[in-house]
Amino acid sequence: MAATLCFNFLPKQGWLPLIQSVRHGSKSVTRHKRPMHILKQKLLAVTEYIPPPRAAPAGAYPSQSKRVFEDSPLMNIMKRDLDKIFKDCKMIAVLQNNSSNAEDMMVLKNRLHKHDIRVRFFTNQVMRSYLKNSLYCNMAPLFIGPTVMIVSSEPKVKEMLKILRASPQMTLLGACIENSLLSVQGVQNYSKLPSVTVVQGELVSGLTMLTSRTASMLQRHPAHLSALLQQYVKQQSSDAGAEGASKTEEAT
């Protein structure tokens, strides 16, 4: 009987018991870590390995050494030609060449030559090398890409703009007219100004008008004064005649 009860109440082989006793408690610490001595901490801090900074790959930064390029004899000749152009010409316009062919360029040259305007070609390297140390250094940003220069000894802006309207492949970027750097809008405004002869004629006519007015004003006062004096003399003579007549009537 006891064996039967034990067999019924005891779990079968491979089964977990219905109730398990779990022990809860703190772990027994038998060894604590001692703090490090201050001298040892300082020694470790001083002797700590500091890896060197990672070097930049070759070519990541520009070299510190400056390269000095010497101008070739041909470039020096072209720069002297440019210096002469900037000294002799009063109008220097910069245009962008938008893939115009040789025939269009020849037609443009012929039209400009009728008004004594020339077309000059210089590479951007030569232009920047010349403008870098000149008074016209502000024109350097205009020389980007394929450019063409139009020069003239006189500022013939109206003729140039009229001819460029027939050449849509040439785009005006800016100009230096009488030592003044102008934008495209400034060049158009300059073309609307009257010519020098017209301005001189207007100035002369204005000065003559002022002088004539001044002379008339100067002559007005003496003439007015003489007229007043003559009127006064007439009044005095008429008063004297009236008094003489009254006296003769009283005497009679």
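Predicted model: local features only at pLDDT ≥ 70, side-chain atom pairs only at ≥ 80, totals over all residues.
## The largest nonpolar core

Let's begin on the inside. The largest nonpolar core has 20 residues, and I150, M160 and V187 are the ones that touch the most other members. Several elements give two or more residues to this core: the strands β1 (91-97), β3 (147-152) and β4 (170-177), together with the helices α4 (102-113) and α6 (157-164). Which element gives the largest share? That is α6, with five residues.

If you set aside its neighbours within four places in sequence, V187 is in contact with V157, M160, L161, L172, A175, I177 and L182. M160, one of these partners, also belongs with V187 among the core residues that touch the most other members.

## A second core

There is another core to look for. This second one is separate and has 19 residues, including I92, V126, F143 and M149.

## The largest pocket

The largest pocket holds about 390 Å³. It is lined by 15 residues, and those closest to its centre are P155, Y190, P194, S195 and V196.

Where does the lining come from? At least two of its residues are supplied by each of α6, α7 (184-191) and α8 (196-251).

What classes of residue make up the lining of the largest pocket? Seven are nonpolar, six are charged and two are polar.

Methods. Residues numbered from 1 in each chain as written. Heavy atoms only, no water. Core = buried A, V, L, I, M, F, W, Y, C linked by side-chain atoms within 4.5 Å. Buried < 20%, exposed > 50% of the residue type's maximum accessible area, 1.4 Å probe, protein only. Helix = DSSP H or I, 4+ residues; strand = E, 2+ residues; numbered from the N terminus. Contact = heavy atoms within 4.5 Å. 1 Å grid on protein atoms, 1.4 Å probe; cavity = no way out; pocket = protein on both sides within 12 Å on 5 of 7 lines; lining within 4 Å. Points joined across faces, edges and corners; volume = space filled by probe spheres on them. Nonpolar A, V, L, I, M, F, W, Y, C, P; charged D, E, K, R; others polar.
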